Amino acid sequence: MSVLVRPYQARDREAVNAVARAAFAQYSQDYEDWPSFIEGIGRMADLAKDADVLVAEQDGVIAGAVAHVGPGRPRAAFFPMAWSVIRMLVVDPQRRGQGAGRQLMAGSLHLAQAAGAPAVGLHTSPIMASALRMYEAIGFLRDQDLAPIRGVPYGRYVLAAPAFEAAHVILGARFSM
């Protein structure tokens, strides 16, 4: 099954929000105040107001999504304004391991490169083990501990622009949108 990554469209809203909720469901016992947390996660499509959201399709079905926040756009204070930021890389649990996450990451790095970002940042938690393995495998380095989010520890990770090309090779993906 091939994965097609494309820009988010308004018609994708419900599918993107559903995939985000499904992707985070496995953490329901980890976060304090789970009901309000998952409610926020379930509004992932709202990120399209301030970010470039990409979706991954497999067989015409949305399998995943990610938000790329380009330099100068609104972001958490712990990310420099010059960086690109990757937010909420989510893949439907039924479709994991089929390349959607790698393709979404490649698309995000493509956008960061095109924007001239000196680095890409993201924040994640050790509980998100498979995502963290992918991030570290392509060269992201943990550079800062962050305050826990609803009781879950988080760290900031960064990939400098000179490492973007190597990351594309590791991901096995090249992009043109």
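Predicted model: local features only at pLDDT ≥ 70, side-chain atom pairs only at ≥ 80, totals over all residues.
Q: How do you know that the reach of α3 is close to the expected one?
A: Helix α3 runs over residues 100-114 and has 15 residues, and from its first C-alpha to its last it reaches 21 Å, to be set against the 21 Å expected at 1.5 Å a residue. Among the buried residues of α3 are L104, M105, S108, L109, L111 and A112.

Q: Why is H68 called buried?
A: Buried means under 20% relative accessible area, and H68 has a relative accessible area of 2%, so H68 counts as buried. H68 is found in strand β3, and, leaving aside residues up to four places away in sequence, H68 touches A51, D52, R73, S84, V85, S108, L111 and A112.

Q: What makes the pair H68 and S84 a polar contact?
A: The cut-off for such a pair of N or O atoms is within 3.5 Å, and the side chains of H68 and S84 are joined at 2.8 Å, which is a polar contact.

Q: Why does Q58 count as buried?
A: The limit is under 20% relative accessible area, and Q58, at 0% relative accessibility, therefore counts as buried. The place of Q58 is in strand β2, where its side chain makes a polar contact of 3.3 Å with that of R95 and a polar contact of 3.1 Å with that of Q98.

Q: How do you know that the buried residues of α1 are on the same side of the helix?
A: The buried residues in α1 are V16, N17, V19, A20, A23 and F24. They cover an arc of only 160° around the axis, and therefore lie on the same side of α1. What covers these buried residues includes α2 (34-41), β2 (52-58), β3 (61-69) and β4 (84-91).

Key
Residues numbered from 1 in each chain as written. Heavy atoms only, no water. Buried < 20%, exposed > 50% of the residue type's maximum accessible area, 1.4 Å probe, protein only. Helix = DSSP H or I, 4+ residues; strand = E, 2+ residues; numbered from the N terminus. Arc of directions from axis to C-beta. Contact = heavy atoms within 4.5 Å. Polar contact = N/O pair within 3.5 Å; in protein donor to acceptor, adjacent residues only side chain to side chain. Expected span 1.5 Å × (residues − 1).
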